[in-house]
Amino acid sequence: MSRSRPTALSAPLLSSLSPPEPPTRSHRLRALAAVCLLAVLVVRIDVRTSGRTRPPTAVRLSAVEAFQAASGGPAARWAPEAVRAAGHALRDALLAWSREESRLLPLRDFRPVSARLTAAAAVARDAARLGGERRARAVEAAEKAVADARSVEVQAAALLAATSLPDGQREHLQRARLLVREAEGLLREDEVEAAGERADRAAADLRGALGPPLEAAGRYTSREQIASWRRWVEETRAFSRSTGQTVILVLKEKNRLVLLQNGSPVRTYDAEVGRNALGVKERQGDRATPEGRYRIVKKRDHGQSGYHRALLLDYPNAADRARFAAAQGRGEIPKGEQIGGLIEIHGEGGRGRNWTEGCVALSNPDIDDLFSRVDVGTRVTIVGGDGRDGAFSDLLARVGGASNAAP
Amino acid sequence: MKRIFVLPALAGLALLSVSCAKEPTDALTAAQSALAAAKTAEAADYAPAALAAAETASAALQAEVKAQGEKFALTRSYTKAAELATAAKAAADKAAAEAVTGKEQMKTEATTLIAGVRSSVAAAKAALAKAPKGKGSAADIEAMKGDVTTVETGLADMDSALAAGKYKDAKVKAQAAKATLDKIMADVQAAIDAKKGAKKK
């Protein structure tokens, strides 16, 4: 058999049986390009669907706004530690943002950054809420302190309206009242802590200033003193009942003059007493209205009195003189001082406050009416009060100073 | 042949990276100083919102600088940091300016109020000097004169508060004093009116 040459029919068969050719350089490059293209496609799809490379701008803005609201609001003063924590959280979140932004685009993942910004916003809102709560509590405390100071001021104002005070006491009270105004102003200016401190100081000063006059007013709630006054009133009423005579009762702290006939009240007049309404007359010039049992010794009609009309009383009586002498003997009243006199029931009143130098003042129509109903010799009993109510016993009840109070 | 150009290209790239990799120290310092100045100007009291914005801008700047610092030197870029530093300084300057303005306004308000108290004290003294001295009113007038003196002695505290920069305190003291003096003037006027009314009778 002879060897034959490969024919056209056997060439493909032969080639299929021969080993494959190794890949050429261009094949390799094409394969690499295809893989890169595929990888880019995958990354692109991933980026599009997950959004991880998209910076969460809105979340960042929200976090920044939350921090600014906290640090620019009440929390900066009332919850500084919480604001600092919010600041740290925001800084950490912004750092994470910057780091992510620095990476190659396909490698970025802002999702954790978004979570950190959301958390930072929450910390800031908590700080704002905490600051708001603390401020609200402080405002409540300051308002309470101001209200307390105001209530003490009302007592001081009532005292000032009812009686005059020695210059030093009045100045002390007025300075304390200015402090109350300052506390109110500080509260308006949102200086809450300062307002509370000022109000506390004002209340303490007011209580201190009220101390001496309230001590002097203590006799208006003293059992012994009230019992004495009630006894005088009852004796005067009994006298009017038994004799049918007209008598006058003056109750100083009630600012009232009562006309009794046959033991029963027939007229009641508003009466204003001495500027030193708290005190009882001891000496000339003390501006106090005396307390005791007196009589009308003279009626001064128009033209005879500088106060429209007047009823002169027999102050000082024997009891007053004895008391004055005893006080001088004890050294309580200097030897050169006089007991005083010219105590009247007169007109030119109706001023709504205690203003006389010791007399009892009625309005002109009232003194006209009284003038026509009384005579020389009419009994006049002047007492501090009846222990039930009145300017000073009410004040003492409000401040709790009635330590020896009558029932 | 191509290799001749590779080395210079690489060197050029390296140079470029280094120039962008330098921290903008001057701008950073300026931004920090501006923020400190805003706090010194009491922006926390007088421009809290503006200070908060400045602090936020500073936080963003610090974050960017730190992030760049953590990167490989050749890949760093402080361009954005430089921009943030400019913005942070501007925000801090704004806060400081607002604080100065706010403080100046408060100072002016307090100064005006204190001057008003001085005028009211003088007016009250003049009114009391001419107040009708009717029956029993002399003691009232003396008491009111004492009240005016009490207010007048408070002027020293107002001046001290103003000098110490405690403008709100000076303001509320002046307002309290003015309210007291207004009451005194009203009482004096009421007494004058009452006297006129009595004369007409």
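Biologist: How many helices and strands are there in chain B?

Modeller: This is a predicted model, in which local features need pLDDT of at least 70, side-chain atom pairs count only at pLDDT 80 or more, and totals for chains, interfaces and linings use all residues. Residues are numbered from 1 along each chain as its sequence is written, while chains are lettered from A and ligands numbered from 1 in the order in which they are written. Helices (H or I, at least four residues) and strands (E, at least two) are DSSP runs, numbered from the N terminus. The elements of chain B run α-α-α-α-α-α-α-α from the N terminus on, and the count is eight helices and zero strands.

Biologist: What percentage of the 201 residues in chain B is buried?

Modeller: A residue is buried if 20 or more other C-beta atoms, placed from the backbone, lie within 10 Å of its own, exposed if 12 or fewer, and partly exposed in between. Among the 201 residues in chain B, the buried share is 37%.

Biologist: What share of the contacts in chain B with a separation of 6 or more joins residues 24 or more positions apart?

Modeller: Two residues are in contact if their C-beta atoms, placed from the backbone, lie within 7 Å. For chain B, with contacts at a separation of 6 or more taken as the total, residues 24 or more positions apart account for 79%.

Biologist: How are α5(B) and α6(B) oriented to each other?

Modeller: The axes (lines fitted to C-alpha atoms, for helices over the stretch in contact, with angles from 0 to 180 degrees between N-to-C directions) of α5(B), residues 79–129, and α6(B), residues 138–153, come within 10 Å and cross at roughly 165°. Angles under 35 degrees count as roughly parallel, over 145 as roughly antiparallel, 65 to 115 as roughly perpendicular and the rest as oblique. The two helices, α5(B) and α6(B), are therefore roughly antiparallel.

Biologist: How do the residues of the contact of α5(B) with α6(B) divide?

Modeller: From α5(B) come B:V121, B:A124, B:K125 and B:L128, and from α6(B) come B:I141, B:M144, B:K145, B:V148, B:V151 and B:E152. Ala, Val, Leu, Ile, Met, Phe, Trp, Tyr, Cys and Pro count as nonpolar, Asp, Glu, Lys and Arg as charged, and the others, Gly among them, as polar. The residues of this contact are seven nonpolar, no polar and three charged.

Biologist: Which residues in α7(B) meet α5(B)?

Modeller: The axes of α5(B) and α7(B), residues 155–163, come within 11 Å and cross at roughly 165°. These helices, α5(B) and α7(B), are therefore roughly antiparallel. On the side of α5(B), the residues are B:A110, B:T111, B:I114, B:V117 and B:R118, and their partners in α7(B) are B:L155, B:M158, B:D159 and B:L162.

Biologist: Which element gives the largest share of the side of chain B that touches chain A?

Modeller: The contact takes 34 residues from chain B and 34 residues from chain A. On the chain B side, α4 (48–69), α6 and α8 (167–200) each supply at least two residues. That side holds 15 nonpolar, nine polar and 10 charged residues. The largest share, 14 residues, belongs to α4(B).

Biologist: Is A:K144 buried or exposed?

Modeller: The residue lies in helix α6 (residues 111–162) of chain A. Because A:K144 has 12 other C-beta atoms within 10 Å, its class is exposed.
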